[in-house]
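Visitor: I am new to this structure and would be grateful for a guided introduction. May we look at it together, one question at a time?

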Amino acid sequence: MSRLVFETQAQLKERIISAVNSAVSKGELPEGELPEFIIEKPADKKNGDFSSNIAMAGARVYRRAPKMIADSIVSNLDLEGTLFERAEVAGAGFINFYLSQKYYSAIVSDVLESGENYGKSDFGEGKSVIVEFVSANPTGPMHIGNARGGAIGDCLASVLDAAGYKVAREFYVNDAGNQIEKFATSLEVRYLQLNGQDIEMPEDAYHGTDITAHAENFIKLYGDKYVNANSKERRDALVNYALPINIEGLERDLKAYRIVYDNWFRESTVHNSGDVERVLETLKEKGVTYEKDGALWFKASEYGNDKDIVLVRANGLPTYIVPDIAYHYNKLVTRGFDKAIDVLGADHHGYVPRMKAALSALGLDANRLDCVIMQMVRLVRNGETIKLSKRSGKAITLNTLLEEIPIDAARFFFNLREPNSHFDFDLELAAKQSSENPVYYVQYAHARICSILRKAESEGITLTAPKEEELALLTSDEERALITHLSALTEEIISAAKNYDPARITHYVVELATLFHKFYNAQRVMTDDKELMTARLYLCLAVKNTIKNILTMLKIEAPDSM
């Protein structure tokens, strides 16, 4: 809903209450406490633009049949000075309200006056939210799951921003722990192999060509300097060389994908700052840990988990969950964000209750952490699932995907389904320049409107500020359907923010493009009736601006021509 829609509904509620009070004062209805009632948009436009159940809700209070109550309310209803033209009683007592043309004219004016801010609201009241997403291990390239997580996380952050939250985007760099040890082992073995040593790569190590490339480039710089060094010195040197290159590559690839983070937070920070030890000590002090078999355990089962969790192994090393707890504590306490949102893969279902349990045990409100669980992606071509890249024989990465399809298509397609749904990514469709491709379809609507406006300008037509009498001519079914959809943008953005579902916005803009094409095919824009032509040009401009606002939010281009 636009600001105008909010105001219109609030105004309608006031008039309904006033009508009830009037009926009571006249003795048409007995005195009683005003019942709670709803005002909603009916699914079928035949039932009005808005409908209320006030008569049904008041049946017990007013001891009348709902139909009698509704008739009394309507007879006392004063719509003067509102954007409604009439009210009707339907069925057993529903009251349906019909908007006047003034309303539709006002919506178009509102869109045009708001400009690039149309759709934005202060729903989030400026509360601070940190959205952490992708956070791929810096031990190799990003895969397709990271590509989906990147698009979802970045667009979710944009949606939250438009809904009035203060948003920070963060990448959590796992530069410590088991995966770094495995990375070090992989680099060390390849380095020694390339220097002529007969040593076998462990099966659970990283076997990718990127590991070999790092070892080869390391040798170009240092030769066999580290062959006879002790293992720790050699491993540290290799990791200190290769890890920054990988992190730089992640940042570069994500920027190419139009994702720019406010912060790259390193896991090593919570180790070096002492946060890991502090979290462990705090949990011990709160009496929620115990020792068993030489390990330190967290009583997660007391916080709704199905079993307890090992925090520190018998060898004295913390498990992965401890730095993760310290990291979330850092977000919510040290840095003081009101809300932390993690976009996680499908394999993290068990992780979420464990993390929430730990935060509760630390004395925090676990509801301040929300997790978006993202399901797997299947790449499909010609109806068949692709598992390997034909060119390299390796799993398709973000980079290889973007070599095949446009970035606009990737970002749009990954946001076509809500995060928790499985998604088949049709490579052929994403690259197709036709109305079958939803992102092309939306972009074409924007380009078509730009073409219409250029033609109008070439004919000497200048659009400044619309007049109410001009916009009053927009009365066709197609025009009203288009304007009604325009009015719903703010509500859709708020719903997308509340449900952590940016797919609502892609669905909205596809429907907007569909309604525009229907309007364009049914009603001539460049007509001999100059006033009607001007009104339709303003409507076109309102649609164009709204499409651009949405595509900008999604970091997708809004082309002027195609």
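**The chain as a whole**

Guide: In this predicted model, residues 24 or more positions apart account for 72% of the contacts in the chain with a separation of 6 or more.

Visitor: How many helices and strands does the chain have?

Guide: The C-alpha trace of the chain spans about 95 × 65 × 40 Å along its principal axes. Within the chain there are 22 helices and 15 strands.

Visitor: What percentage of the residues in the chain is buried?

Guide: The accessible surface of the chain comes to about 26,300 Å², and carbon and sulfur atoms hold 47% of that area. A residue counts as buried when its relative accessible area is under 20%. Of the 562 residues in the chain, the buried share is 53%.

**Nonpolar cores**

Visitor: Which residues touch the most other members of the largest nonpolar core?

Guide: The largest nonpolar core has 144 residues, and those that touch the most other members are L160, F414 and F425.
Helix α22 (residues 530-553) gives this core its largest share, 13 residues. A second, separate core of 37 residues includes V270, A326, L344 and L359. To return to the question, the names are L160, F414 and F425.

Visitor: Which residues does F425 touch, leaving aside those up to four places away in sequence?

Guide: F425 belongs to the largest nonpolar core. With residues up to four places away in sequence left out, F425 touches V377, R378, L379, V380, I405, A409, A410, F413, F414 and A430.

**Around A431**

Visitor: Is A431 buried, partly exposed or exposed?

Guide: A431 is part of helix α16, which covers residues 427-431. Beyond residues up to four places away in sequence, A431 touches E404, I405, P406 and N437. Because its relative accessibility is 42%, A431 counts as partly exposed.

Visitor: How many Å apart in space are A431 and D408, C-alpha to C-alpha?

Guide: In sequence, A431 and D408 are separated by 23 residues. From C-alpha to C-alpha, the separation in space is 10.0 Å.

**Aromatic rings**

Visitor: What kind of aromatic pair do F516 and F519 form?

Guide: The structure holds 25 aromatic pairs, one of them being F516 with F519, at 6.0 Å centre to centre and 55° between the planes. The two residues are separated by about one helical turn, because they are 3 residues apart in helix α21 (residues 503-522). F516 is buried at a relative accessible area of 0%, and F519 is buried with a value of 0% as well. Planes under 30 degrees apart count as stacked and those over 60 as edge-to-face, so the pair of F516 and F519 is tilted.

Visitor: The charged end of which residue sits over the ring of Y98?

Guide: K13 lies over the face of F37, 5.8 Å from the ring centre. Over the ring of Y98, at 3.9 Å from its centre, sits the charged end of R86.

Methods:
Residues numbered from 1 in each chain as written. Predicted model: local features only at pLDDT ≥ 70, side-chain atom pairs only at ≥ 80, totals over all residues. Heavy atoms only, no water. Helix = DSSP H or I, 4+ residues; strand = E, 2+ residues; numbered from the N terminus. Buried < 20%, exposed > 50% of the residue type's maximum accessible area, 1.4 Å probe, protein only. Contact = heavy atoms within 4.5 Å. Phe/Tyr/Trp six-rings, centres within 6.5 Å; stacked < 30°, edge-to-face > 60°. Lys NZ or Arg CZ within 6 Å of the ring centre and 35° of its normal. Core = buried A, V, L, I, M, F, W, Y, C linked by side-chain atoms within 4.5 Å. Areas by Shrake-Rupley, 256 points an atom, 1.4 Å probe, with all protein chains shown as cover.
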